[in-house]
Amino acid sequence: METQRLLTLFSATLLKILCKDRNIRTNGATKRELIHRLQKYATQAVVYDGRPKKDLLKEAKARNLDCSQTKTSPALIALLESADRSRTFHHFLELPAELRNMIYRFAVVVDDPMKLPGSPGRVPAICRASTQLRDESAVMLDQVKVDGRVRARKARCTGVPTMSSSICMRCLKRAVVPSETSWPLNTAQRAAFSISPSHSANPPKKTTKKTTQAKSSKTLRLPKNMRAQTARPPAPGERKAMRKKIVLSNANALEVAGLENLTTEGVRDMDKLRELEGQVLGFDGDTVDALRALEAFKPGQGWGLFKRPAALVRRDLVHLGAAMQSARESKSISRRIFFGERGSGKSVLLLQGMATAYLQGFVVLYFPDARPITDAQTAYQPIQTAEGETIYIQPRYIAHVLGNIAAANRGLLDGLRLSKQHQLPIPLQSNLSLARLLELGANDPQLAYPIWQAFLSEITAPSQPEKTGQRRPPIFVGMDGVDHIMRMSAYLDTESKPIHAHDLAIARDFLSLLSCQTHLPNGGVVMAATSTSTRPLVPTFDHYLARKHADTYAHKVTTIVDDLLQQVKIERSIRDIGLTDLEQLPAASYPQPLAKQVQDLQYRVRCYQDQNASLSSLQRYLRTFAAKLPEWDPYEVKDERVAKVMESGMAVTKVEGLSKDEARSVMEYYARSGMMRGAVTEGLVSERWTLAGCGIVGELEKGLVRARF
């Protein structure tokens with residue numbers, strides 16, 4: 001009955017035009033057959049009706065189909081259509097380009113696009129799947145938009161209604177399954193082959209009566225200042241490249257006389273490194289090349305303001321150098337997370353840690369930013385682990401990281417050879433160097449993750465110095481913006497549910513090193529830093545950072561309380577107990593609720609001593625003291641996977657502002673570089689240190705070097 005209604009609505013000429021636009025044969029076909037072919041086109045890729053029998057046989061033989069039992073054209077058509085429906089592909093991108101374009105055309109066209117006030121419209125989901133799918137489908141989306149505008153303009157000019165191919169196919173599909181509506185439809189909406197929707201007609205023109213106006217006075221009319229576009233428009237990706245461009249030298253800056261470099265002797269001798277604390281040191285050429293290859297320099301860190309890269313040696317770097325020396329000598333493992341305010345120097349401290357590790361002979365592995373791992377910018381695919389778990393790999397991102405590691409550690413990895421047999425998609429030489437292994441993974445993204453696993457197993461294997469190429473140095477693993485992998489990612493699984501960042505293979509491997517699940521028999525340092533400028537909302541991670549940070553202060557307070565209890569047992573009078581260590585505690589700078597508790601402890605102990613109370617009363621009070629740490633809000637949902645990683649025992653360090661002596665050293669370096677005018681006085685140091693939020697180095701640089709009045 002539906003076909004009978006369509007026969008009355010559309011003429012044979014219009015049906016032939018629709019079939020011609022879709023490359024459907026119309027030779028000698030009736031109206032009923034044309035409608036049947038158009039309905040087939042809405043549900044299958046190719047319509048074989050109307051083709052000669054010899055063409056059908058040729059197509060079937062080319063696809064290796066058994067056509068010995070099929071003698072007629074309808075049987076051959078049924079055989080080909082059945083093969084089309086049952087054909088499978090392992091990956092979508094393995095489909096031929098013609099079929100992918102056809103799928104893109106069906107995917108990007110929406111019958112009734114929903115637009116919200118102030119929004120440009122809806123973006124098809126296939127455009128957000130990966131970079132390649134976005135680029136390919138965007139071309140088809142633009143073509144559909146252009147075709148729609150051309151058809152609309154032609155209809156307005158000629159008065160002949162035209163019909164969008166995609167909308168027509170949707171209408172054909174709806175014509176097979178009648179819609180269930182509870183309200184009456186008009187004629188245009190009720191027709192399955194609607195070519196002129198009810199809202200598409202041009203609105204009637206308003207007729208206005210001409211009124212005679214009084215002659216106006218002459219006014220000055222100046223031509224508009226139309227600027228000619230003389231320069232070429234930026235190429236695709238050019239703006240992003242300029243935004244992320246790293247400049248490490250300023251030709252207008254002065255060369256700082258007597259500026260020392262961070263050398264191998266300086267980082268291996270801890271006494272000399274402690275003497276360098278509070279001084280600004282530069283980096284030599286080899287270290288700068290290695291750091292540039294690892295993408296350790298960031299665009300907003302101000303490297304391009306000075307003659308060459310240099311940084312302040314802070315106390316945190318001295319502690320980090322001591323941990324690296326211990327890892328190199330006693331094969332110990334140091335795991336630490338740095339956090340702090342924006343501009344406090346977390347990323348620069350991570351960069352200095354990589355420079356120190358490079359000079360001490362470590363293999364440096366670095367992930368420049370964790371945000372691209374989780375925000376659905378790279379292609380991904382699921383794989384099964386040996387334990388049966390489903391994880392997701394990102395081949396292109398891993399290949400990029402492998403290339404960075406190979407370029408930065410080439411001098412060290414060229415002398416290291418394979419020590420194990422690895423099951424890889426390609427055969428490998430038994431004496432292949434680790435540098436060449438990384439190059440193979442960097443050049444082929446499909447091999448990137450298997451080679452990453454092989455490299456990780458090689459670099460964490462026990463060292464065998466008696467064998468050629470089997471010596472294994474300690475490793476340094478760093479990641480900036482680690483808070484991005486402590487939450488749900490922007491990727492979706494096969495059920496359109498968000499994928500946890502811990503299910504991404506590269507994040508899983510780093511967290512395994514950070515939580516000490518992967519053993520480092522040759523020693524090493526695993527270091528991570530948070531990102532405040534692009535920080536996501538991660539309540540579980542923030543809670544454990546605050547709790548571990550408060551625990552470091554609580555340990556100091558507990559040690560002082562234990563010392564007071566020992567004095568109570570020894571001294572005869574309460575006035576003989578020394579309170580110097582307790583009173584020197586900076587309780588105001590402690591995190592809550594520990595700060596209030598320490599202030600109360602100082603006040604109560606001082607009252608006991610002023611009132612000359614008995615030692616037993618003071619002893620009872622001190623025994624009841626227990627440091628309070630931040631507690632988890634029971635109304636919040638805790639991420640147990642993040643909690644398990646944070647409870648593994650890594651240390652947490654808050655990067656504070658500079659001291660006034662360190663701020664003075666930095667300001668003197670600015671002045672000697674010619675980037676700051678005027679003498680560096682005590683008053684200027686105090687003023688700028690205060691305005692910079694008690695020595696936040698990023699704010700100090702903004703106020704002294706970047707600001708111009």
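Mentor: What follows sets values against definitions.

Mentor: First, the ground rules. This is a predicted model, where local features need pLDDT of at least 70, side-chain atom pairs count only at pLDDT 80 or more, and totals for chains, interfaces and linings use all residues. Residues are numbered from 1 along each chain as its sequence is written, and side-chain values use heavy atoms, with hydrogens and water left out.

Trainee: How many helices and strands are there in the protein?

Mentor: The protein has 29 helices and eleven strands. Both are DSSP runs, numbered from the N terminus: helices are H or I with at least four residues, strands are E with at least two.

Trainee: What makes a residue buried or exposed?

Mentor: Relative accessible area. Buried is under 20%, exposed is over 50%, and partly exposed is in between (1.4 Å probe, protein chains only). Of the 709 residues, 42% count as buried.

Trainee: Why is asparagine 404 called buried?

Mentor: Its relative accessible area is 9%. The cut-off is under 20%, so the label holds. Asparagine 404 lies in helix 17. Setting aside residues up to four places away in sequence, asparagine 404 touches Ala293, Leu294 and Glu295. Contact means heavy atoms within 4.5 Å.

Trainee: And why is histidine 555 called exposed?

Mentor: Histidine 555 has 56% relative accessibility. Histidine 555 is in helix 22 (residues 539-570).

Trainee: What span should helix 15 have?

Mentor: At 1.5 Å a residue, the 14 residues of helix 15 (residues 346-359) should span 20 Å. The rule is 1.5 Å times one less than the number of residues. The end C-alpha atoms are 20 Å apart, which agrees. Just after helix 15, glycine 361 takes a positive phi of about 90 degrees.

Trainee: Why are helix 17 and helix 19 called roughly antiparallel?

Mentor: Helix 17 (residues 395-408) and helix 19 (residues 434-443) pack at about 150 degrees, with their axes 8 Å apart. That makes helix 17 roughly antiparallel to helix 19. Under 35 degrees is roughly parallel, over 145 roughly antiparallel, 65 to 115 roughly perpendicular, and the rest oblique. Axes are lines fitted to C-alpha atoms, for helices over the stretch in contact, and angles run from 0 to 180 degrees between N-to-C directions.

Trainee: Which residues of helix 17 and helix 19 meet?

Mentor: Ala399, Leu402, Gly403, Ile405 and Ala406 in helix 17 meet Ala435, Leu438, Gly441 and Ala442 in helix 19. By class, this contact has seven nonpolar, two polar and no charged residues. Ala, Val, Leu, Ile, Met, Phe, Trp, Tyr, Cys and Pro count as nonpolar; Asp, Glu, Lys and Arg as charged; the others, Gly among them, as polar.

Trainee: How are helix 19 and helix 20 oriented to each other?

Mentor: Helix 19 and helix 20 (residues 445-459) pack at about 155 degrees, with axes 7 Å apart. They are therefore roughly antiparallel. By class, the contact of helix 19 with helix 20 has eleven nonpolar, two polar and one charged residues.

Trainee: Where does asparagine 522 lie, and what makes it buried?

Mentor: Asparagine 522 lies in the loop between helix 21 (505-514) and strand 10 (524-529). Its relative accessible area is 5%, so asparagine 522 is buried. Its contacts beyond four places in sequence include Lys331, Ile459 and Arg472. Asparagine 522 and arginine 328 are 194 residues apart in sequence and 7.7 Å apart in space, C-alpha to C-alpha.

Trainee: What is the phi of lysine 331?

Mentor: Lysine 331 has a positive phi of about 60 degrees although it is not a glycine. Most residues other than glycine have a negative phi, and most peptide bonds are trans. Lysine 331 is in the loop between helix 14 (315-330) and strand 3 (333-340). At 46% relative accessibility, lysine 331 counts as partly exposed.

Trainee: Which residues does the cis peptide bond join?

Mentor: Glutamine 592 and proline 593, with omega about 0 degrees. Proline 593 is in the loop between helix 23 (580-583) and helix 24 (594-610).
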